[in-house]
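Please examine the sequence and the structure before reading on.

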Amino acid sequence: MDRYSAMDTHPKILCIGACHWDFTMQCAAEVIPGESNPVRSSRSPGGVAFNIARALSDLDCIVGLASRVGSDPDGRALVDYLATSRIKAVDITEETNRHTAAYTAVVDPQGKLVVGLADMEIYDRLDHQYWSSRANKLAGWDAWCFDTNLPKSGLQYLSALTNRPRLYAVVSSPSKGMRLKSSLCYIDTLILNVVEASMLTGQSHSGIDGAEKAAQLLCAAGVDRTLVTQGAGGGAWADATGSGTMAALPGSNQLIRVSGAGDALAAAAIAALEKGHSTTKALELGIRASHLFMQSTDPITWAPLSAQSEFDHG
């Protein structure tokens, strides 16, 4: 069977990686570096793998999550949250010697990220030794989607497993993207932004044309399909059929939040690909989902797409 053909209209996708609490501190006025800035704070479940899993569950996918939390109130609260969601907690282990990870985003009044603070040491435990003892728990899915919060050895181990399902890799930051460098030839679909792509290719890329060039280079390095996003500028794609670019939707500069928009794009693109859509259609739907997310007031209750029927006609 063609590994890019859709299994059915309810693809089974296991997300592997970060699941923690996201703290957002939105400044009430323009940020003054080195000074005390008044903010409005909020907390919500987050992490790249969790964000993608949550959005996929709203796109008629059967979704599981594998991650690690601390044996602390924050970790238990996440487990309780998952129990009330449509995400199956496939393998959520509790670590007694590390606290649950956390991500703090300081954003300006327009929702643009000023600085992101990642306390994620617990994910370093998700290495090759960890997965080699529990790989059987990850079986039975049409596709895996992992993020680069996993350490390099964990990513390498999962990527190279024989008889694994289709593999989607979503880069979580420029520095962590480098963990994939030796595993590119195993990745079916890679999703990242142009800054992360620049780090991974070792070349500086910018703008929509730079995004397309980076996508081409990553496919030449062994990836089957690459989507490179350019924030409010749209995105680019490359696969065995060629490459191209796609503009952002009108009004993409009128946004409420930015942090998490890439995860929204990734989820919509993955759902589209698993349901048999082309690379270009997947990027189009991903950009639409990202646009909706950036205009939402709540990172949890936003709807991935108002026209879900588009996903069901690949």
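## Basis of the model

The model is predicted; local features need pLDDT of at least 70, side-chain atom pairs count only at pLDDT 80 or more, and totals for chains, interfaces and linings use all residues. Residues are numbered from 1 along each chain as its sequence is written, and side-chain values use heavy atoms, with hydrogens and water left out.

Helices (H or I, at least four residues) and strands (E, at least two) are DSSP runs, numbered from the N terminus.

## A buried helix

The buried residues of α1 include Val48, Asn51, Arg54 and Ser57.

Phenylalanine 50 belongs to helix α1. Its relative accessibility is 1%, and therefore phenylalanine 50 counts as buried. Phenylalanine 50 lies 31 residues from cysteine 19 in sequence, while their C-alpha atoms are 5.2 Å apart in space.

## Salt bridges

Side chains of opposite charge can pair when their charged atoms come close. A salt bridge is defined as a side-chain nitrogen of Lys or Arg within 4 Å of a carboxyl oxygen of Asp or Glu. By this rule, the model has 11 salt bridges. One of them joins the side chains of aspartate 74 and arginine 43, at 3.2 Å from N to O. This pair links distant parts of the chain: aspartate 74 is in helix α2 (residues 73-83) and arginine 43 is in strand β3 (residues 39-46), 31 residues apart. Aspartate 74 has a relative accessible area of 30% and is partly exposed; arginine 43, at 43%, also counts as partly exposed.

Aspartate 58 sits in the loop between α1 and β4 (62-70), and arginine 86 in the loop between α2 and β5 (87-95), 28 residues apart. The relative accessible area of aspartate 58 is 16%, whereas arginine 86 is exposed at 58%.

Strand β6 (residues 102-107) and strand β7 (residues 113-119) pair in the antiparallel sense over six bridges; two strands pair if DSSP finds at least two bridges between them. Valine 106 has valine 115 in β7 as its bridge partner. The two strands, β6 and β7, form a hairpin with five residues between them, and glycine 111 in the turn has a positive phi of about 90 degrees.

## Enclosed and open spaces

On a 1 Å grid over the protein atoms alone, a cavity is a set of points where a 1.4 Å probe fits but cannot get out; a pocket is an open set with protein on both sides within 12 Å along at least five of seven lines, and lining residues have an atom within 4 Å of a point. Grid points are joined across faces, edges and corners, and a volume is the space filled by probe spheres set on the points. The model has one cavity of 30 Å³ or more. The lining of the largest cavity includes Arg98, His99 and Asp119.

The second largest pocket has a volume of about 160 Å³. Among its 10 lining residues, those closest to its centre are Arg225, Asp239, Ala240, Thr241 and Thr279.

Technical notes:
Buried means under 20% relative accessible area, exposed over 50%, partly exposed in between (1.4 Å probe, protein chains only).
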